[in-house]
Amino acid sequence: LPGTQVLVADGVYHETVTFPASGTAGNWIQVKAEGSGAILDGSESIPPESWKPYESKTNVWFTKIGPGIKYLGRNQQRFYQYDDLNGLLDGRGHNKVPMNEGWFYDPLNTRLYIRIQQDPIDYSWQLPRYNQAFFVDGRDWVWIEGFEMRFYGTEYGCGVCAKDSSHIVIRKNRIHNLQNGVFISWTGGEDRGNDTRIEYNEISD
């Protein structure tokens, strides 16, 4: 309802937050972190036993992951994405630049391939299972503040995605390890996509 304020306790939350209703002028829908440790994490870990070596190629492994991804984290950092499987197998990145490590997802067999110099169980892996931390779709007068958002990216991936929404505040969040920190889109109608305030956020890869 308009005027609702939700205070989120410290913890790690694996989900996408959506908004069933809009606020009104002076009666915002507010979602705020209660402390300094409310984390929205779009990933899951990859079980070590799921990795299998690729026949006839050293340093190449694969696992089946189901639906695709556009981002992969290794030890909490972005892992390089190859253009295609042949590039990964040959250790060649974009424009055939030598690249010894990285990943590629094949949608035909739903396999995630990685090329690395050590055994994959030596690392932690952050595999996105959600695409955005907050999705504001056709809602107005929404305020989001104080969260950490990380490891989203089954498609374009973003911390806050706002579509056809007006009077949005995105404030004092730490957004990292995803493709788009904040993504704003609208259909072009004069009453859509107005008055979005993005301030005091820390956005990094």
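View 1. Y54 is partly exposed, with a relative accessible area of 23%, where buried means under 20% relative accessible area, exposed means over 50%, and partly exposed covers what lies in between, using a 1.4 Å probe and protein chains only. Y113, by contrast, is buried, its relative accessible area being 2%. This is a predicted model, in which local features need pLDDT of at least 70 and side-chain atom pairs count only at pLDDT 80 or more, while totals for chains, interfaces and linings use all residues. Residues are numbered from 1 along each chain as its sequence is written, and side-chain values use heavy atoms, with hydrogens and water left out.

Rings of Phe, Tyr and Trp (for Trp, its six-membered ring) pair if their centres lie within 6.5 Å, and planes under 30 degrees apart count as stacked, over 60 as edge-to-face and the rest as tilted. By this rule the count comes to 11 aromatic pairs. Among them is the edge-to-face pair of Y54 and Y113, with 6.0 Å from centre to centre and 70° between the planes. Y54 lies in the loop between β7 (52-53) and β8 (60-64), whereas Y113 belongs to strand β12 (residues 111-115), so the pair ties together parts that are 59 residues apart in sequence. Strands here are DSSP runs of E with at least two residues, and helices are runs of H or I with at least four, both numbered from the N terminus.

**View 2. The aromatic pair of Phe79 and Trp125.** F79 and W125 form an edge-to-face pair, 5.4 Å centre to centre and with 70° between the planes. The pair links distant parts of the chain, 46 residues apart, with F79 in the loop between β10 (77-78) and α1 (85-90) and W125 in strand β13 (residues 125-128). F79 is buried at a relative accessible area of 6%, and W125 also counts as buried, at 4%. Ring pairs link W51, F79, Y123 and W125 into a cluster.

**View 3. Arginine charges over aromatic rings.** A charge sits over a ring if NZ of Lys or CZ of Arg is within 6 Å of the ring centre and within 35 degrees of the ring normal. The charged end of R74 sits over the ring of Y123, 4.6 Å from its centre, and the charged end of R111 sits over the ring of F62, 4.0 Å from its centre.

**View 4. An open sheet with parallel pairing.** Four strands, in the order β3-β14-β17-β20, form this open sheet, where two strands pair if DSSP finds at least two bridges between them. β3 (17-18) and β20 (180-185) stand at the edges, each with a single partner strand, so one side of each is left without a neighbour in the sheet.
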